[in-house]
Amino acid sequence: MYALIIDDSRAMRSILRRTVTDLGFETLEAGNGQEALDHLEAGRVPDLCLIDWNMPVMDGYTFITKVRANHAWRDITLMMVTTESEHGQIVRALAAGAHEYVIKPFTPDAIAEKLEMLGLVARAVPA
Amino acid sequence: MTVLAEPTLSDVQMVVEEVWSSFLGAEEPLLPGMPGELATGWSAAVTVSGAWDGMISVEVPTEMAEEVTRRMLAVDEAADEDVADAVGELVNMIGGNVKSLMPGPSALSLPVVAAGRVARSSDAVEVCRLDASWAGSPLLVSVHVHRPTQS
């Protein structure tokens, strides 16, 4: 399973990389929506995109609309990971095609729970 | 229409503590009050514009900025560009969460980061100030708003 981490902060990409690597993902990274689209257009199509909202060049919302406009990328799971927490923005992102929405700051467990709900990682079974 | 609301100190403290405990480890908690004078090494700010207009800024000494960077990036050495990135992401998270407590809708800017103090416009008024310490170093988080001048 591949995750594409899209965030203009290297620090945040590093935190997300460690989080999803621990969950069994291999990762690709992009510093904005356009760089992420470049990955997809080059055939590097991930199973999951973790997407910041506010980025230079192309923001996360625009990236989602472009991915959802391309039928070839319909199987990619899109998860916003952002500080934007206004209700209207969450609704807008979900309506545009995001599957999940995580508000920063987050814990690794919060990401894991969302990915479990999406069926991308195995649900932890209590011992 | 811009709403003249202000975040409370407890709002800002809650937000900052959540950011710190999520990304910098809960074993070394953020403590209230400054353990001495703050010699600002790095600072960063974001602005919020829309139904609420304001600026949220963070100031930290160089040693803390470098330690924050090492922890966030999980590296042994922190280059200046990494420090700028990490401090910028901290104020992005703090500012975004303060924005969510204020009347909306509004937009959050990308962070501006400076070695030293970030500039503020002369009509900006400080409405909230959190003095804190982490790992023995001082930290300042402040919220400024533009007050219309009275004629």
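The structure is a predicted model. The predictor assigns the complex an ipTM of 0.90 and a pTM of 0.92. For chain B the mean pLDDT is 90, and 95% of its residues reach 70 or more.

## The two chains

Chain A holds 5 helices and 5 strands. Along the sequence they follow the pattern β-α-β-α-β-α-β-α-β-α. The radius of gyration of chain A is 14 Å, close to the 14 Å that the globule rule gives for 127 residues, so chain A is as compact as a globular protein of that length.

Chain B has 3 helices and 7 strands. Its pattern along the sequence is α-β-β-β-α-α-β-β-β-β. A compact globule of 151 residues would have a radius of gyration near 15 Å, and the 15 Å of chain B agrees with that.

The table sets out further values for each chain.

| Chain | Span of the C-alpha trace along the principal axes | Residues that count as buried |
|---|---|---|
| Chain A | about 45 × 35 × 30 Å | 45% of 127 residues |
| Chain B | about 50 × 30 × 25 Å | 43% of 151 residues |

Contacts can also be sorted by sequence separation. In chain A, take the contacts between residues at least 6 apart in sequence: 58% of them join residues at least 24 apart. In chain B, residues 24 or more positions apart account for 69% of the contacts with a separation of 6 or more.

## Where the chains meet

How many residues does the contact take from chain B and from chain A? Chain B contributes 22 residues and chain A contributes 18 residues. On the chain B side, helix H1 (9–23), helix H2 (62–73) and helix H3 (80–101) each supply at least two residues. H3(B) gives the most to that side, with 10 residues. By residue type, the side of chain B that touches chain A divides into 10 nonpolar, 8 polar and 4 charged.

H3(B) also takes part in a helix pair across the two chains. Two packed helices are described by the angle between their axes and the distance between the axes. Here the partner is helix H1 (residues 10–22) of chain A. The two axes come within 7 Å and cross at roughly 75 degrees. Angles of 65 to 115 degrees count as roughly perpendicular, so H1(A) is roughly perpendicular to H3(B).

Which residues make this contact? From H1(A) come Arg10(A), Ala11(A) and Met12(A). From H3(B) come Asp82(B), Asp85(B), Ala86(B) and Glu89(B). The residues of this helix contact divide into 3 nonpolar, no polar and 4 charged.

## Backbone details in the loops

Next come the cis peptide bonds. In chain A, the bond from Lys104(A) to Pro105(A) is cis, with omega near 0 degrees. Pro105(A) is placed in the loop between strand E5 (100–103) and helix H5 (108–117) of chain A.

In chain B, the bond from Gly104(B) to Pro105(B) is cis, with omega near 0 degrees. Pro105(B) lies in the loop between H3 and strand E4 (106–108) of chain B.

Asp53(B) lies in the loop between strand E2 (42–50) and strand E3 (54–60) of chain B. With 16 C-beta neighbours inside 10 Å, Asp53(B) counts as partly exposed.

Positive phi values come up again at Ala135(B). Its phi is near 55 degrees, a positive value in a residue other than glycine. The loop that holds Ala135(B) runs between strand E6 (124–134) and strand E7 (137–146) of chain B. Is Ala135(B) exposed or partly exposed? It has 16 other C-beta atoms within 10 Å, so Ala135(B) is partly exposed.

Note on methods: Residues numbered from 1 in each chain as written. Chains lettered and ligands numbered in written order. Predicted model: local features only at pLDDT ≥ 70, side-chain atom pairs only at ≥ 80, totals over all residues. Contact = placed C-beta atoms within 7 Å. Helix = DSSP H or I, 4+ residues; strand = E, 2+ residues; numbered from the N terminus. Nonpolar A, V, L, I, M, F, W, Y, C, P; charged D, E, K, R; others polar. Rg over C-alpha atoms; globule rule 2.2 N^0.38 Å. Buried ≥ 20, exposed ≤ 12 C-beta atoms within 10 Å, placed from the backbone. pLDDT = per-residue confidence, 0-100. Axes fitted to C-alpha atoms, helices over the stretch in contact; angles between N-to-C directions. Parallel < 35°, antiparallel > 145°, perpendicular 65-115°, else oblique.
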